[in-house]
Amino acid sequence: MSKVRIGVVGLGFFAQNQLEAWRVIEGAEIAAVCDRDPAKVEAARRRYGVERGYTDVAQMLADDVVDAVDVATTPPSHRAIVEQVAQAGKAVICQKPMAETLEDARAMVEACRRAGVSLTVHENFRFQRPMREVAMLLREGAIGEPFFARISFRTPYDVFANQPYLATEDRFIILDLGIHLLDLARCFMGDARDVSCWTKRVNPNIQGEDVATMVLDHGNGRTSIVDCSYATHQVPDPWPQTLVTLEGSKGTISLGADYRLHVTRGAETVTRHVPPKAWPWSQLPFDIIQDSVVALQQHWLGCYRAGRAAETSGEDNLKVVELVHTAYADADRRK
Ligand code: NAD
Ligand code: 89Y
């Protein structure tokens, strides 16, 4: 079977994980790299041994050297690139947040639907190994019917060192990070029909909110608390781990910062260690995210070959983008 030829667009901070991941995934190859910065194109070509490099997506598409495009640029460029790729008839993977506005996200899903190409969002938190384990336990009925979840990400980590653009966005933590946690809440508890939200900016040197608390209504009395903060003083710093508690009619699941997964039923608790797989390029403590990138891209490849939608399809992810904007609207209303 011939390898699926991937074009990676956007060769900045996070794309390095996606490039490393493509290299270890059998059945895919990086056929082209593209960034508007020529120095990044050359660096990626050399580092990843890629023959073709471009500074313009249109040129890469015109040369017809890729089957699918993995978009790892920053959000303002996502819609234009995804629409271009769809028009060229290629499958597309797009980093989260799919778009900054609901209107753009809907237009992207529609453009791909009309062009008959698949759109997958690189929503990787649900592909973290402990999260896969939690989802499997829920499917197996380990705690009965879940009725409450808490998904929590709180850290003092200086996220602006690697991603300086986050400091100047009017909307920060929900759009950038909370979106992953909202997706996890959906993954564990089902779709949410409403969300209430409170936000705050603690760091005076940034533009947007760096603390958010959201309460989700999943129907039938099922609720989740999703909370995130980049302003929390905490030692040791759990970054970049997400902590999870799930309570069900027959038991409780709890995932701690040490990758210990506890399942309590009655008076008995069973604990397992579920760390991420270490890859040659893994850098602690970022390994949890790096491994999830491989898992998501592997999942995407299987779906692409089978001609079915990935778990984090554009259509599915629209529901998360909707939650993000409902949360911001609710927080704004309270102010
Ligand atoms: P970055 O600024 O480091 O890199 C973005 C790159 O895209 C830059 O090199 C820039 O030159 C290039 N670019 C921008 N517009 C372009 C265009 N029109 N054509 C070609 N190249 C273009 O940003 P980053 O921190 O790597 O973030 C990229 C994306 O990854 C964002 O959507 C971010 O939210 C996401 N991200 C995801 C995770 C995760 O865990 N899933 C973590 C970090 C970042
Ligand atoms: O951009 C964000 C993401 O997707 O995961 C963590 C992050 O890098 C900073 O909040």
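Biologist: From which domains does the lining of the largest pocket draw at least three residues each?

Modeller: Let's start with a reminder that this is a predicted model. The largest pocket has a volume of about 1000 Å³, and 46 residues line it. At least three of the lining residues come from each of two domains: domain 1 (4-117) and domain 2 (126-285 + 320-334).

Biologist: Which helix gives the most to the lining of the largest pocket?

Modeller: Residues close to the centre of this pocket include Gln-163 and Tyr-165. The element that gives the most contributes four residues, and that is helix 7 (residues 173-189).

Biologist: What share of ligand 2 does the protein bury?

Modeller: Good one! Among the residues around ligand 2 are Lys-96, Phe-125 and Gln-163. An oxygen atom of ligand 2 is 2.5 Å from an N or O atom in the side chain of Asp-176, and a polar side-chain atom of His-180 lies 2.6 Å from an oxygen atom of the ligand. Tyr-230 also has a polar side-chain atom 2.6 Å from a ligand 2 oxygen. Taken alone, ligand 2 exposes 270 Å², and the share of this that the protein buries is 91%.

Biologist: And ligand 1: how much of its accessible area does the protein cover?

Modeller: Ligand 1 is surrounded by 23 residues, with Phe-14 and Asn-124 among the closest. A nitrogen atom of the ligand is 3.2 Å from a polar backbone atom of Arg-36. On its own, ligand 1 has 850 Å² of accessible area, and the protein covers 88%.

Biologist: Now the second largest pocket: which helix gives the largest share of its lining?

Modeller: This pocket has a volume of about 250 Å³. Of its 17 lining residues, those closest to the centre include Val-117, Ser-118 and Ala-309. Strand 6 (119-122), helix 8 (287-306) and helix 9 (314-334) are among the elements that give two or more residues. The largest share, three residues, comes from helix 5.

Biologist: How many residues in the lining of the second largest pocket are charged?

Modeller: Let's sort them by type. Eight of the lining residues are nonpolar and six are polar. The remaining group, the charged residues, numbers three.

Technical notes: Residues numbered from 1 in each chain as written. Chains lettered and ligands numbered in written order. Predicted model: local features only at pLDDT ≥ 70, side-chain atom pairs only at ≥ 80, totals over all residues. Heavy atoms only, no water. 1 Å grid on protein atoms, 1.4 Å probe; cavity = no way out; pocket = protein on both sides within 12 Å on 5 of 7 lines; lining within 4 Å. Points joined across faces, edges and corners; volume = space filled by probe spheres on them. Domains from an automatic or database assignment. Nonpolar A, V, L, I, M, F, W, Y, C, P; charged D, E, K, R; others polar. Near = heavy atom within 4 Å. Polar contact = N/O pair within 3.5 Å; in protein donor to acceptor, adjacent residues only side chain to side chain. Areas by Shrake-Rupley, 256 points an atom, 1.4 Å probe, with all protein chains shown as cover.
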